[in-house]
Amino acid sequence: MDDVVALAYPELCDIPIQKILQFIRFASFGRGPIELIADDLHCPPKSLPEHMVAILAKVLGETSSVIKRLWIALKDEVWKHKAEIVGSEEEITLYNRYALPLGTSYNHIYPPVRTCQTTACPNFRASNDVRTLKEPRTYKATLFTLRQGTMPIYTTSLYCRGCNRRYHSNYSVHAQSNIRQYYPGVPSILQVSTHYFLTSDLLEFFTQCKSIGWCVIGVARRLSSSNAGYYSSLSSLSCARIYNESIGPLHAVVLNSPHAFAPAEVIRYSPPSSFIWQTSYELQDADVLNGFFLFSLLLDHAELGHALHLDHNAPSQKIRLKPALKERNVRMEGYGQEEYTHACDLCYIVSKDADGKEVKIQAAICDGNAIGHPCCAVHDCKDELVSHHARFCEPHSNLNQQCSVTDCLASVDSGFRTCSLPEHRALEAAYTEKGTSIFKLQQRLEKAMQGSNRTTSTECEGKPEVGNRRLKAYFGRRRTHNEQIIMRPCGVILSRATFYGSEAVSSVNVEPLSFVLSTS
């Protein structure tokens with residue numbers, strides 16, 4: 001220990017230097033709770049909160065009086081470490097063993113600000129070093145990380161009494177408003193639902209999984225003749241399962257293959273069965289998808305220099321994100337792409353017409369990927385379904401009472417999707433039968449018989465009196481036609497849009513896509 005410190009605190013001279021360094025690291029883990037009692041964040045508080053004293057005393061195996069004296073001697077050194085100190089697995093486990101029962105944790109999440117951000121509020125400060133936010137509310141949550149696995153945490157929000165605004169980890173909400181105003185930029189930890197948080201590097205990993213996994217799955221299925229030309233992205237459920245099996249649990253290679261390792265090693269890395277936390281350690285596909293969307297929106301708004309605003313009182317995160325996602329998709333259908341104004345020698349030329357007037361020629365190419373999404377059964381309807389199990393959107397929900405046969409306006413009978421006409425009822429019976437195992441076996445038998453007797457022929461009975469009219473029916477929801485990409489011949493993407501009914505010219509020649517093509 002430094003000679004000056006040793007003279008000022010002779011009772012600390014016998015403490016090993018290793019324990020001094022441990023004190024600095026473990027005290028840094030509790031920076032958030034300690035800041036709550038510091039009025040000026042430039043300087044550390046003169047004393048520690050009592051629960052932090054108890055935690056550090058148990059972690060270091062010292063008395064409370066020694067911990068208090070260590071803080072007085074080393075508080076300035078602890079306060080220098082503004083950047084977060086990353087704990088090792090052993091340090092995090094040891095710290096949480098005593099911190100969790102006392103209402104805090106490693107990676108305890110707080111708002112990024114300590115002063116009110118409303119300029120008209122009396123608690124507003126130009127600097128974030130003077131604490132004006134108080135009235136903390138703390139609750140348990142789960143944090144999913146890319147490099148440190150899944151861990152239990154606490155999260156705390158703070159309140160400004162001057163303007164009645166509560167500050168959360170990613171956003172603030174006024175007491176008389178229902179709008180979540182997100183902080184500028186992209187945070188390192190995102191709150192995807194009330195009790196679940198994901199780190200931004202993990203969400204970036206899921207983004208790449210969906211992007212690159214789409215290509216890998218597409219190639220694999222094209223190699224299979226039964227699925228040729230069919231593409232699918234890596235689903236959120238698959239991302240969640242990958243995380244829960246290989247990333248969330250630390251030492252997954254040992255836990256997933258216990259017979260390949262020594263029993264002592266398996267026992268060492270097995271999580272304690274007695275530890276119970278209020279929120280689940282299992283990452284759900286809904287949290288992956290909501291996190292992916294929120295992360296993408298925050299990136300998009302950060303690029304634009306705008307703040308993201310969402311409905312705080314929405315019944316679910318899915319519904320909360322919908323308006324912002326729709327706004328972004330509409331923008332991407334028009335001028336939202338970064339290279340929208342691109343022009344180069346490969347895609348843009350200037351020529352002269354018959355009158356000698358200079359004109360520009362810039363072509364655009366349209367092509368679509370056959371990735372269908374559930375949509376309303378009404379042709380080319382762009383309204384959203386109420387749920388994935390619904391056949392129609394809300395404006396067309398009355399069609400549930402109309403016969404499913406195309407052009408038939410009769411009402412359905414109770415328990416059926418068709419009217420009472422025998423030929424219409426036969427179509428529904430055939431549709432229902434297709435889902436049964438006996439129908440699949442019959443199909444296989446017919447194929448086998450056709451393969452063994454290929455020389456059979458049928459006699460033409462002539463055209464029926466009613467003509468060649470064939471009944472068509474839609475018993476389920478439709479799927480969108482494709483995801484259309486509009487690009488320059490040089491490869492630069494101009495726009496993208498979802499095509500619902502077809503890939504015809506009429507589908508392209510609509511706003512805002514027609515605006516893109518008109519610039520050509």
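1. Does arginine 131 count as buried or exposed? Arginine 131 counts as buried, because its relative accessibility is 12% (buried means under 20% relative accessible area, exposed over 50%, and partly exposed in between, with a 1.4 Å probe and protein chains only).

2. A word on conventions. This is a predicted model, in which local features need pLDDT of at least 70 and side-chain atom pairs count only at pLDDT 80 or more, while totals for chains, interfaces and linings use all residues. Residues are numbered from 1 along each chain as its sequence is written, and side-chain values use heavy atoms, with hydrogens and water left out.

3. On to charge pairing. Side chains of opposite charge can pair when their charged atoms come close. The count comes to 15 salt bridges, a salt bridge being a side-chain nitrogen of Lys or Arg within 4 Å of a carboxyl oxygen of Asp or Glu.

4. One of these salt bridges joins the side chains of arginine 131 and aspartate 39, at 3.2 Å from N to O. The two partners come from distant parts of the chain, 92 residues apart: aspartate 39 is in the loop between α3 and α4 (50-60), and arginine 131 is in the loop between α6 (89-99) and β1 (134-144). Helices (H or I, at least four residues) and strands (E, at least two) are DSSP runs, numbered from the N terminus.

5. Lysine 322 and glutamate 384 also form a salt bridge, with 3.1 Å between the closest N and O atoms. This pair, too, links distant parts of the chain, 62 residues apart, with lysine 322 in helix α12 (residues 317-333) and glutamate 384 in the loop between β12 (374-375) and α13 (422-433). Lysine 322 is partly exposed, at 30% relative accessible area, and glutamate 384 is partly exposed at 47%.

6. Within helix α12, arginine 331 and glutamate 327 lie four residues apart, about one turn of the helix. Their closest N and O atoms are 3.3 Å apart in a salt bridge. Arginine 331 counts as buried at 12% relative accessibility, whereas glutamate 327 is partly exposed at 41%. Shared partners join Asp300, Glu327, Arg328 and Arg331 into one network of salt bridges.

7. Finally, have a look at glycine 30, in the loop between α2 (17-29) and α3 (31-35). Glycine 30 is buried, with a relative accessible area of 0%. Leaving aside neighbours within four places in sequence, glycine 30 is in contact (heavy atoms within 4.5 Å) with Met52 and Tyr95. Asparagine 107 is 77 residues from glycine 30 along the chain, and their C-alpha atoms are separated by 8.6 Å.
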